[in-house]
Amino acid sequence: MSDRGYPDAVADEFPPPPTAFTDREDRELEIRPYEGDAASREALVEMYDAFDPADRAQGIPPGGEERIREWLDAILGGDCYNVIAWCGDEVAGHATLVPDGDAYELAIFVHQEYQRAGIGTHLIRGLLGHGQANGVEKVWLTVERWNRAAVSLYKKIGFETSDAESFELEMGLRLRADAGPDGDAETDE
Amino acid sequence: MKVLCGIGGSDDSFRALDRTVERAAVANDDLTIAVVDNEDSSVSPDEVVERAEAAVAEAAIDAEVRRVEGDPGSRLIEIAETEEFEEIVLGGGHTSPMGKITIGSIAEFVLLNAKTTVTLVR
């Protein structure tokens with residue numbers, strides 16, 4: 001869709017992964033981009049297969065291994081940007097940018113055992129840093145309006161509500177200035 | 001059953017149309033297809049009417065295709081109430097490239113305000 005709204009102001013610079021941090025439960029975590037390797041993909045399947053159905057939102061992640069694999073095929077493709085929060089060999093969370101016209105749709109998932117430990121903030125900042133480093137300009141998402149934890153996380157990051165007329169809020173973020181007519185990013189300096 | 005299927009030209013509304021026509025042919029439903037204004041749709045109401053008439057003809061059922069102007073949600077409910085429909089059928093929402101489903105404002109209004117059963121086709 002082309003009529004989505006985005007803030008005029010460009011967001012802060014986000015740190016591109018890899019980054020490492022200790023979560024609020026004293027676990028060592030690392031945010032790394034997904035590089036297309038089979039081992040990471042299998043670790044993702046494992047996380048989503050164990051994902052609490054109560055934490056699904058708007059139909060994703062899907063239930064059952066077969067549908068999880070189909071869905072991952074679509075969002076781990078070459079034109080998508082993905083980062084994973086690792087706790088050792090285990091996936092604690094995953095965030096993705098999927099192209100949609102001239103913008104990217106964002107989604108983020110943190111496994112129930114790793115929630116409420118500050119991982120979501122690191123994960124989304126890592127994803128946006130990865131996107132910025134790769135020239136992503138505009139990001140949008142939808143979130144169920146009762147999901148206050150998620151809405152406040154997105155607001156803290158700089159997302160602004162662009163459509164509040166349905167069950168779901170639509171929010172937008174501008175990561176870089178719009179490309180000028182010559183294809184280069186315009187700068188205000 | 002007396003069924004009112006509301007479509008506005010979105011992909012999910014055409015899915016609802018096909019499934020409702022298919023079901024009507026088997027269950028012998030008394031079906032009316034209401035073509036409503038959907039400002040988010042890229043297909044014109046006239047084209048939507050044509051698609052609906054073609055689907056009805058192909059299934060060889062006796063269903064009315066009616067153009068309904070004005071606010072889509074409230075018009076559907078008004079028709080359902082005054083003409084005593086037993087069920088309203090609508091598209092089940094838009095699926096984003098990510099796979100996230102969002103339910104449109106027409107479906108939200110009808111779900112909350114209709115007295116009849118509402119079916120969202122997925």
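User: Which strands of chain B does helix 4 of chain B lie across?
Analyst: Let's start with direction in this predicted model. Helix 4 of chain B runs at about 160° to strand 4 of chain B. The strands that the helix lies across are strand 4 and strand 7 of chain B.

User: How many bridges join strand 4 of chain B to strand 7 of chain B?
Analyst: Strand 4 of chain B covers residues 87-91 and runs parallel to strand 7. The number of bridges joining the two strands is 5.

User: Which strands are the edge strands of the open sheet in chain B?
Analyst: This sheet has 5 strands in the order 3-2-1-4-7, with parallel pairing. An edge strand here pairs on one side only. That gives strand 3 (64-68) and strand 7 (117-121) of chain B.

User: How many residues does the contact take from chain A?
Analyst: Chain B brings 11 residues to the contact, and these divide into 4 nonpolar, 5 polar and 2 charged. Strand 6 (101-102) and helix 4 (105-113) of chain B each supply at least two residues of that side. From chain A, the contact takes 16 residues.

User: What angle does helix 3 of chain A make with strand 3 of chain A?
Analyst: Chain A has an open sheet of 8 strands with mixed pairing, in the order 1-2-3-4-5-6-8-7. Helix 3 (residues 119-133) packs on this sheet, and strand 3 (81-87) is one of the strands it touches. Comparing the helix direction with that of strand 3 of chain A gives about 145°.

Terms used
Residues are numbered from 1 along each chain as its sequence is written. Chains are lettered from A and ligands numbered from 1 in the order in which they are written. This is a predicted model: local features need pLDDT of at least 70, side-chain atom pairs count only at pLDDT 80 or more; totals for chains, interfaces and linings use all residues. Two residues are in contact if their C-beta atoms, placed from the backbone, lie within 7 Å. Helices (H or I, at least four residues) and strands (E, at least two) are DSSP runs, numbered from the N terminus. Ala, Val, Leu, Ile, Met, Phe, Trp, Tyr, Cys and Pro count as nonpolar, Asp, Glu, Lys and Arg as charged, and the others, Gly among them, as polar. Two strands pair if DSSP finds at least two bridges between them. Axes are lines fitted to C-alpha atoms, for helices over the stretch in contact, and angles run from 0 to 180 degrees between N-to-C directions.
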